[in-house]
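I jotted things down in the order I looked them up.

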Amino acid sequence: MAKKSVFLFVTVLVIVSTLLAACQPTATVAPTAVAPSDTAVPTAVPPATAVPQITITYWAFGTEGSTMTGGGLWSDWYANIFTQYEQAHPGITIDFALKGYDASGSTLVVDTAVAAGTPPDIYFDTKFRVKKYQDAKLLEDLTPALTAADIAAYDPAVLAGSKSSSMMWSIPADGGYWNMIVNTSLFDKAGLTNLLPQAPDYTWTTDQFMAACQAINDPANNVYCTAFFAGSTSMDSATNGWLAGWPDCKFFDAAAVQYTVNSPACLEAFTFLHSIYEKGLMVPGAAGLIDDTTDPYWLGQNVAMLDQGNWYDSITKSGVAAGTIQPFNYIFVQVPNKPGAPASPVGMSNPDVWGVFKQTDTAKLQAIYDLIQYMQQPDIATQIAVGWGKVPVRTDSNFTSTDPVVASPLAAARKFGSFDPYFVNGVPCGYTDVRTAWADARQAFWQDNADIKAILDTFVARADAIVTACP
Amino acid sequence: MIKFRAFAREFRKELPGYLFIAPGYLAFIAFMLVPILFAIGLSFYKASFDIRARLFVGFAQYIQLSKDPIFKMALVNTIEYALVIVPATIFISLVIALLIEPLKPRAQAFFRGAFYIPGVAGGVVLSVVYLWIFNPTYGLLNFLLGQVGIKPILWLATPPHSFQAVCAVVLTFTIGQPIILFLAGLAGISPDIIDAATVDGANSMQKALYIRLPLLRPVLLFVLATQTIQVFQLWEVIYMITGGGPYNTSTSLVYLIFQTAFVGSNYGKASAIGVVLMVIILIFTAIQLRFWKDTDI
């Protein structure tokens, strides 16, 4: 009798649960009234003044009080831009907010809004964080927001990253070019400046790097040559950027739709990186460190060289401005290349892009296209790029900079080319899960006696399975 | 008809009582029962950001979980956390309670407060403190170990140290409440029984083992049940200090639920893991209730 009651209870529970889940409202279907096309919509975009009382919700990555590189608040900058836009487009109201992210690097605020059925209309963030919404088929095609002249003006490699096979799911405003940052104050103090790469190109080989690294490393006095971190997915590009020195190592093969980071060239690259660990030339505990816990090592001058110099430049400037750290000198140099290989190209990834969530109102969708068309113009997009310490990706922006953090990698990119440490020609589906798998692999990598080949093979198998399982 | 009238009369009589408990029950239904049922239902669907666009997949996600090495690792870790932390919590808190109990009331109050404060501070605050303690280069723990000639240990970056580190942090704030409960239980033991044992020649250890401990059985079982459930729901410390790493060796089921739902945006799979966890907790609780039945509470 008791068994029968339990069975009955479980059966009723499952039926009620399934019914409860099934009885939720189903997804609404977005209209296809605004037809995307491969050819750009020219200047036939109707004036926004014809649109009656439309409110566009626009969220950008950041938090209240987020500052722009060079000073000023992002909130003030956006308020100014949007006030001008609203005045020029009666009937349009832009409801703007800066939305931060949690320590896992996920956009929890946006995710929650999407799950609740109240996403913003426009979301501006780095490509990877917008891409996951495209994987879930939640974004609009933005082709109608660009003219033929716009499309021609974009760096084709960067624009390709915003396309999928059938649509343009985002439009990039800027790109993150970076190279290595070196604390020259530490090298000056140790009398080792001659070991650093020299102007004007600041290139060096892995042998030269290793000589400088071993010379500057002094754990007894709490000075380490470099640092890596793998405690989370955050800023994994700081590790991947080192692959620039091995031109044959590709993280992902877009043509074959396969991860190839276990190739012989990549194995050689990671064997070199692991030798830095084995020789005790880096801050210990990489597998448990995240960028936030690594930052103090740089700011406290306990580490001499790091990749993704643009990030460390920004926190140094903030620290000096706030008076929380002692000022010190630094330069930007190329990631070392293996002997015999050409000088390393400059790391380039994480463009900040606009994505638009599915709309049901065609008039509103057109108003959103108009707004993005306005925002992506060279002068405004350049202001966004400069504000993020990045580089505009439109060739007609006539961009120059005297700030070394931008000028150095830009000059190097023009001379040695740029390098996407993850993907060329777009981001494959499921990258959020792949990124988690990559963090696991990197944590296994920063261990004593790590079997590098086995770790990379395991990662590739897991990552390829994620791509294969994509809808 | 007569039965119904009797029921209605009885109901009217008890109505004020029902009204008093109604808010609690309504809150339970709205915020516990319905979400639990919804999560069970959702576990049969493949659902991402837009839950409205979910796809019915039956038991596919449960089958997938049975083959998922990370889920298996999280499951084993969760059970290991329970097997390490729960007995350790009970043992440490019981020993401390037995040491505090003979003290004068004022000293007792001091120690009760001292051991309870970490529980008030919470796992997140303690985790921040422990991040500094466990730091590989400037952390307090490695500094102290260095003073006695032990080489630095990468507490958060190498297995099994990351697992041990999580256990240590959790123990800091889980022992406070059991100490209070054990002290209350010890205070409830009649002094006559202790006196009788003393007259019979029992020493302190014998009194603790053969008199106090058996009489504390109801409190012990309560602490065992609540601590087991608490440890099965371990999340915030892992989130704060190890992120489940290195390579998932310190992850738990609840942390995996968080990762799956809010980082991987796979709400259906996360619900399936949640259901598995719920079943495990139910089984453990049922076993413990079985022991309770035999206890004179």
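Which residues does B:Ile241 touch, leaving out those up to four places away in sequence? I keep in mind that I am working with a predicted model.

**Entry: B:Ile241**

I found contacts from B:Ile241 to B:Ser127, B:Tyr130, B:Leu131, B:Leu156, B:Ala165, B:Val166 and B:Val169. I located B:Ile241 itself in helix α11 of chain B, which covers residues 236-241. Is B:Ile241 buried or exposed? I count it as buried, because 26 other C-beta atoms lie within 10 Å and the cut-off for buried is 20 or more. I also looked up B:Arg106, which is 135 residues from B:Ile241 along the chain; their C-alpha atoms are separated by 36 Å.

**Entry: domains of chain B**

I read the domain assignment next: it gives chain B a domain 1 at 2-42 and a domain 2 at 64-293. I noted 35 Å between the centres of these two domains, taken over C-alpha atoms.

**Entry: α1(B) with α13(B)**

I turned to helix α1 of chain B (residues 2-42) and helix α13 of chain B (residues 267-293), which pack at an angle of about 115° with their axes 7 Å apart. I wrote down the crossing of α1(B) and α13(B) as left-handed. From α1(B), I listed B:Ala39, B:Ile40 and B:Leu42; they meet B:Tyr267, B:Gly268, B:Ser271, B:Gly274 and B:Val275 of α13(B). I sorted this contact by class and got 5 nonpolar, 3 polar and no charged residues.

**Entry: α10(B) with α13(B)**

How do α10(B) and α13(B) run relative to each other? Their axes cross at roughly 175° and come within 10 Å, with α10(B) covering residues 217-232. Angles over 145 degrees count as roughly antiparallel, so I put α10(B) and α13(B) down as roughly antiparallel to each other. On the α10(B) side I noted contact residues including B:Leu221, B:Leu224 and B:Phe232, and on the α13(B) side B:Leu277, B:Phe284 and B:Trp292 are among them.

**Entry: chain A against chain B**

Last, I checked how many residues each chain gives to the contact: 40 from chain A and 32 from chain B. On the chain A side, I saw that α1 (2-22), α3 (108-115), α4 (127-135) and α16 (431-445) each supply at least two residues. The largest share of that side, 8 residues, comes from α1(A). By class, I have the chain A side at 20 nonpolar, 16 polar and 4 charged residues.

Terms used. Residues are numbered from 1 along each chain as its sequence is written. Chains are lettered from A and ligands numbered from 1 in the order in which they are written. This is a predicted model: local features need pLDDT of at least 70, side-chain atom pairs count only at pLDDT 80 or more; totals for chains, interfaces and linings use all residues. Domain bounds come from an automatic or database domain assignment. Axes are lines fitted to C-alpha atoms, for helices over the stretch in contact, and angles run from 0 to 180 degrees between N-to-C directions. Helices (H or I, at least four residues) and strands (E, at least two) are DSSP runs, numbered from the N terminus. A crossing is left-handed if the near helix is turned anticlockwise from the far one by less than a right angle, and right-handed if clockwise. Two residues are in contact if their C-beta atoms, placed from the backbone, lie within 7 Å. Ala, Val, Leu, Ile, Met, Phe, Trp, Tyr, Cys and Pro count as nonpolar, Asp, Glu, Lys and Arg as charged, and the others, Gly among them, as polar. Angles under 35 degrees count as roughly parallel, over 145 as roughly antiparallel, 65 to 115 as roughly perpendicular and the rest as oblique. A residue is buried if 20 or more other C-beta atoms lie within 10 Å of its own, exposed if 12 or fewer, and partly exposed in between; C-beta atoms are placed from the backbone.
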